[in-house]
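Here are my notes on the model, point by point. Please read them with the structure open.

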Amino acid sequence: ANVSTPPGFSPQRRYPVLYLLHGSGDDETSWTTRGAMREILDNLFAEGQAEPMIVVMPLGVVRWAGAGSDDESREARQKAFERDLMDDLIPYVETNYPVEAETSRRALAGLSMGAGQTCWIGSRHLGRFAYLGMFSGGMVGRTFDDVAAAYPEGVAFNASKKLFWISCGHADVHYAGVLRTLDLFDARGVEYHWLLQDGSHDWPVWREALYLFSQRLFRKSR
């Protein structure tokens, strides 16, 4: 994983943590090399517009010998990433970095594939992340209906979240799928913050989403 600490980082201070996921075809470096994550957040920190936080960017694709590209293998890879994140990476970060381990100080967000992973993992671990952010993506799983059937009703989900952010560009190739995901959430009574952006499935949209989403993390007044 790629770990970014804020300016003035001190191991004597404890920080909230954002787990930030990349999209398909990218890797754990993409949010820094292409997404301008450090520039966006460091400017917000300097302006007092975002809470200084540690950002952890894992590699979101798990591969092994014999894994194919069919639906079953895709689902297996998603579950393998979920195990890596929840059982290995988060405990490692909380042991080796000065992060606050409370749910209210832990966020999960991602773009495209990472948005789908956020949606799936956030639904299956209600007590682990108070903030979820989905940028240009929706459900992941063998079929949409399979995942929809497993998604929790709004009462349980809403009680576990301070913010469920969903955003997408108006010209995004996944826009229709995102709207379908919103329909599911509406039917389940899931509360979310929806932002329709200008643009397509590209970094300018995701940079703006990170800029806006990060200002609402870990701050009682936001």
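1. A cut-off comes first. A residue counts as buried when its relative accessible area is under 20%. By that rule Trp-31 is buried, and so is Trp-203. Keep in mind throughout that this is a predicted model.

2. Those two tryptophans also pair. The rings of Trp-31 and Trp-203 sit edge-to-face, with 5.2 Å from centre to centre and 85 degrees between the planes. The pair links distant parts of the chain: Trp-31 belongs to helix H1 and Trp-203 to helix H8, 172 residues apart. Both rings are members of one aromatic cluster, which also includes Phe-135, Trp-165, Trp-206 and Phe-213. The model has 10 aromatic pairs by the ring-centre rule.

3. Another pair is worth a look. Phe-185 and Tyr-192 are tilted, at 6.2 Å centre to centre and 50 degrees between the planes. How exposed is Tyr-192? Its relative accessibility is 26%, so Tyr-192 counts as partly exposed. Phe-185 is buried, with a relative accessible area of 0%.

4. Phe-185 lies in helix H7.

5. Helix H7 itself checks out on length. It runs over residues 175-188, 14 residues in total, and at 1.5 Å a residue it should span 20 Å. The end C-alpha atoms are 20 Å apart, which agrees. Which residues of H7 are buried? They are Val-178, Thr-181, Leu-182, Leu-184, Phe-185 and Arg-188. Seen down the axis, the buried residues of H7 fall within an arc of 155 degrees, so they line one face of the helix. Ala-176, Asp-183 and Ala-187 are exposed on the other side of H7. Residues three or four places apart in an α-helix point the same way, because there are 3.6 residues a turn. After H7 comes Gly-189, with a positive phi near 80 degrees.

6. Strand S2 is covered on both faces. Val-17, Tyr-19 and Leu-21 are buried on one side, and Leu-18 and Leu-20 are buried on the other. With 5 of the 5 residues buried, S2 is largely enclosed by the rest of the structure. S2 has parallel partners. It is joined to S3 by 3 bridges, and the two run parallel. Leu-18 stands opposite Val-55 in S3. Strand S4 (residues 106-111) also runs parallel to S2, with 5 bridges joining them. There Tyr-19 stands opposite Leu-108.

7. Ile-121 shows the packing locally. Leaving out residues up to four places away in sequence, Ile-121 touches Phe-81, Glu-82, Leu-85, Met-86, Leu-108 and Phe-129.

8. Two backbone angles deserve a check. Most residues other than glycine have a negative phi. Ala-36 is not a glycine, yet its phi is positive, about 55 degrees. Ala-36 sits in the loop between helix H1 (30-33) and helix H2 (37-47). Phe-218 likewise has a positive phi, near 65 degrees. Phe-218 is found in the segment after helix H8 (203-214). Is Phe-218 buried or exposed? At 6% relative accessibility, Phe-218 counts as buried.

Notes: Residues numbered from 1 in each chain as written. Predicted model: local features only at pLDDT ≥ 70, side-chain atom pairs only at ≥ 80, totals over all residues. Heavy atoms only, no water. Helix = DSSP H or I, 4+ residues; strand = E, 2+ residues; numbered from the N terminus. Buried < 20%, exposed > 50% of the residue type's maximum accessible area, 1.4 Å probe, protein only. Expected span 1.5 Å × (residues − 1). Arc of directions from axis to C-beta. Contact = heavy atoms within 4.5 Å. Pairing = 2+ DSSP bridges. Phe/Tyr/Trp six-rings, centres within 6.5 Å; stacked < 30°, edge-to-face > 60°.
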